[in-house]
Amino acid sequence: MLAAPMYGRLPIVKMLLVTLAGTAAISAVMLSINWDGQEGSTAAPKIDDLLNVMIVLSSFVFSLVMVMLFYALWKFKAKPGDESDGEPIHGNTRLEIAWTLIPTIIVLFGGAYSWKVLNDIEDKGSNPMTIDVFSQQYAWSFGYPGKGMKFIEGEMHVPVDRTIQFKMHSQDVIHSFWVPEWRIKKDNVPGITTTAIVTPNKVGTYQLICTELCGFGHASMRAKVVVESPEKFEKWVTGLKKEIPDEFIKSIEQDTETNPSEPLDAGGA
Amino acid sequence: MLAAIKRPGWYRAVLGAFAGAAFGVGLVVVLRAISGLPIWQTEQTGYPHVVVPLITGPLGFLAGLGCFDYWLRWAVGAPTIPEDHSQHGARNWKDYFRFNTDHKVIGIQYICTTFFFFFLSGLMAMLIRAELAQPGTQIVDAATYNSLFSTHAVLMIFVFVIPVFAGIANYVLPLMIGAPDMAFPRLNALSFWMLPVAGLLFVGSFLAPGGAFDAGWTGYAPLSTGAPLGQSFFNLGVQFAGASSIATALNFLVTIITMRAPGMTFWRMPLLVWANLSTSLLVVAATPFIAGVQFMVLFDRILHTNFFDFGAGGDVVSYQHIFWFYSHPAVYIMILPGFGIISEVISTHARKPIFGYRLMALALIGIIVLSYSVWAHHMFVAGMFSWLRVPMMFTTLLIAVPTGIKIFSWLGTLFFGKIHTYSTAMLFALAFIVTFTIGGISGVMLGMVPIDIHVSDTYFIVAHIHFVLFGGSVFTIFAGIYHWFPKMTGRMYDERLGRVHFWGTLVGTWGTFIPMHWVGMDGMPRRVADYASQFGEWNLLISIFAFILGAVQLVFLYNMIVSWRYGPRAEGNPWRANSIEWQVSSPPPIFNFDEIPRVVGGPYEFGVPGARHAIMAGEGAEVKEPQPTVVGSP
């Protein structure tokens, strides 16, 4: 297959078969593990599928490296006392082109696939509901601009199967909004409004975790997230007593949008 | 006594440090008086009475030590002292604690200083893992914990990994290209002495009111602009480490471009030289960005500028753009010299020419070009303008290609060789290929925006950076230290202890950092002193392996110290290598070569009958005699 005669002396077919067997074995083990945990949004299975495809491709690359390394160590290890040199092979242009082009194709494929997934998970749909997220050292609070500007601290409820557009604000330093089951994360940056799109599709109680170092209370900066049926949600949200306080309204108005091309979406649903 | 103070040295250095600090305080007092500010009031985070002396004190120390003597005389037009080589070379151990212009002494100074900080920072890692062994707070409170991981990272990056490579290259590179020294020996000495200053500033921040800097090594604004005094120690330490790094890189560039031995064309340079050439190109262009951005933070803190103050027209996200415009190329600054080391070690111990030498060199150039176009992959969730994410994703993924070329070429070098694994250096080089492949794979995954959104700022990131920085860079550093230990010290190290160190490090690295991938993907954020109890068992396991990893480094320390003192004498060329540094005695003579060698062929001509890389002084006569013809291969 390869031009240089010395590679005729290598059991290339056998090495490839072992590589494929290794790929299958590693992939089987790796895919049986639920790496990212529970899936709680429409984005989650898409991201997990991408991860699984990458795990299979990576298993192939890793197996190939291991087969090459251990074959070489087994076959070409010097005998004790052997002081002679190896064969003066300086390279092989075809092989070098191959291991430049094949990885290029693999990563370009991965990039294109990721691009598609990114577009899918950031699709706002036609009728997203807007929720304002306010963060400050070391607490979360939430506003519902489409629901009479209702406001609550430390706990957020969202309806299931409804696309939600989070508008994030920070009052002091950078925080980051992460619900692992939703696979969505976005920094809350003082001075700008950042946006994240999520469609939760599993009823349950989750945790919102701050993932950007924000000071000594960073580790404990969490909030409860409840995903529930639209009926329950409506009842809960209308039952809220507080409205978004003035200082938070002020910060919404002052913050610049990171994507100014998007229409300012104050009303939401 | 007066004579001792006038001579460059430690007395004058201590005096200079105090004089510099006093000048700094005086300057602040005078400037505040002129500006009509209350003279002694300290702003909450500013503390100019501390920050300015932190700049002038170290400069006084460097001046006292003698770093500027020659230049100052020249600058003011005084007669310069004729070079009598009294500051060149080490005649006894005390010369290692002086301003010394010999690249070999400076190399040793670099390596010992950086390893001091490696062990100090490693102790911090042990404290971090002790705290994380169980959920809840046991050993340190959350604020101290933040200081610990910030200092751990800063020491490892700025005063261990980056400068230890400069140290190894300082020692090896001039010998390798057949040069008598670096191009600018005095600048070289200054570069070194700025390094302990940087390290002491980082460590000294623990003494500052409010504790050591705790905004992470990334020091994101506005957390850093509003942090207590310790943050300024970080801002200034980075200046000294950065200046040291830039000056060394300039020195390497000029040395490599102008001081190669006759006959050493670019395509006959060993790959370590290529690696340091490309690293230096990165350093000179990228490092000014971190220096600049830390100055901006410092100005926000003490001069009340508004670079990153969102309430006053500042832009928070721009800090990250400038920071990563340095700090992504910095990860290549931390691995390319290691690539060079691995090429030398593998080729020598496999007794084979490097497979695809030219493509290996071109891959380095490809990496440095691409590395300037990937910085925003650290910011996929940072709230920057979103269109930048996809182009940066593609450049990030493409940078895996030249890196892959290097991995496959090292593997290709092994084929049809005669692989010797008796040297610990070779073991680390082979293990590096495997661990770095894993780090590369997780890096490709992180480059993909959707995956990155989920795992950004989690333990997956901690796992990835430790796989590439510990399993990558530090493995190459160990390979390099073991490989050139005989050359540097003239002694052999103990291979048995080397193997204990190797296997312990390998098991410790995998055991510590592999499970971190999982806890990160499963929901554990990074930079937390406490975590959800569901991750308790995994963290206990990680901590146990981390302690193994830490303990086994003591074997390395023991091996190095005892072998340096009592190890068996090393021959000039114990590994039967081709490059020039191995053709001189171990350790090399003070002025390297009696006569500059002539380079007649490539550096890795193992197995080519009659091929030579260089002809050393005194061999000219032999060549004239009727002997097998010396064939230079192109």
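Reader: How many residues does the contact take from chain B, and how many from chain A?

Author: This is a predicted model. The general idea: the size of an interface is often given as the accessible area lost when the parts come together. Here we count residues in contact instead, 74 from chain B and 69 from chain A.

Reader: Which helices of chain B each supply at least two residues of the side that touches chain A?

Author: α6 (142-176), α10 (316-333), α12 (357-371), α13 (389-398), α14 (400-414), α15 (424-447), α16 (449-455) and α18 (495-521).

Reader: Which one gives the most?

Author: α14(B), with nine residues.

Reader: How is that side of chain B made up by class?

Author: It has 51 nonpolar residues, 16 polar and seven charged.

Reader: Take α6(B). How does its reach from first C-alpha to last stand against the span expected at 1.5 Å a residue?

Author: Start with the general picture. An α-helix has 3.6 residues a turn, so residues three or four places apart point the same way. Now the case. α6(B) has 35 residues and reaches 48 Å, close to the expected 51 Å.

Reader: Where is the kink in α6(B) centred?

Author: On P163(B), with a bend of about 35 degrees.

Reader: Is α6(B) mostly covered or mostly open?

Author: Mostly covered. Of its 35 residues, 31 are buried.

Reader: What comes just after α6(B)?

Author: G178(B), which takes a positive phi of about 70 degrees.

Reader: Now chain A. How many helices and strands are there?

Author: Five helices and eleven strands.

Reader: What is the radius of gyration of chain A, against that of a compact globule of 269 residues?

Author: Chain A has 26 Å, whereas such a globule would have a value near 18 Å. Along the principal axes, the C-alpha atoms of chain A fill roughly 85 × 35 × 35 Å. As for burial, 37% of the 269 residues count as buried.

Reader: What share of the contacts in chain A between residues at least 6 apart in sequence join residues at least 24 apart?

Author: 73% of them.

Reader: Into which domains is chain A divided?

Author: Domain 1 covers 7-74 + 101-121, and domain 2 covers 129-257. Taken over C-alpha atoms, their centres are separated by 36 Å.

Reader: How many residues does the contact take from each domain?

Author: Ten from domain 1 of chain A and 13 from domain 2 of chain A. On the side of domain 1 that touches domain 2, three residues are nonpolar, five polar and two charged.

Key. Residues are numbered from 1 along each chain as its sequence is written. Chains are lettered from A and ligands numbered from 1 in the order in which they are written. This is a predicted model: local features need pLDDT of at least 70, side-chain atom pairs count only at pLDDT 80 or more; totals for chains, interfaces and linings use all residues. Two residues are in contact if their C-beta atoms, placed from the backbone, lie within 7 Å. Helices (H or I, at least four residues) and strands (E, at least two) are DSSP runs, numbered from the N terminus. Ala, Val, Leu, Ile, Met, Phe, Trp, Tyr, Cys and Pro count as nonpolar, Asp, Glu, Lys and Arg as charged, and the others, Gly among them, as polar. The radius of gyration is taken over C-alpha atoms; the globule rule is 2.2 Å times the number of residues to the power 0.38. A residue is buried if 20 or more other C-beta atoms lie within 10 Å of its own, exposed if 12 or fewer, and partly exposed in between; C-beta atoms are placed from the backbone. The expected span of a helix is 1.5 Å times one less than its number of residues. The bend at a residue is the angle between axes fitted to the seven residues ending there and the seven starting there. Domain bounds come from an automatic or database domain assignment.
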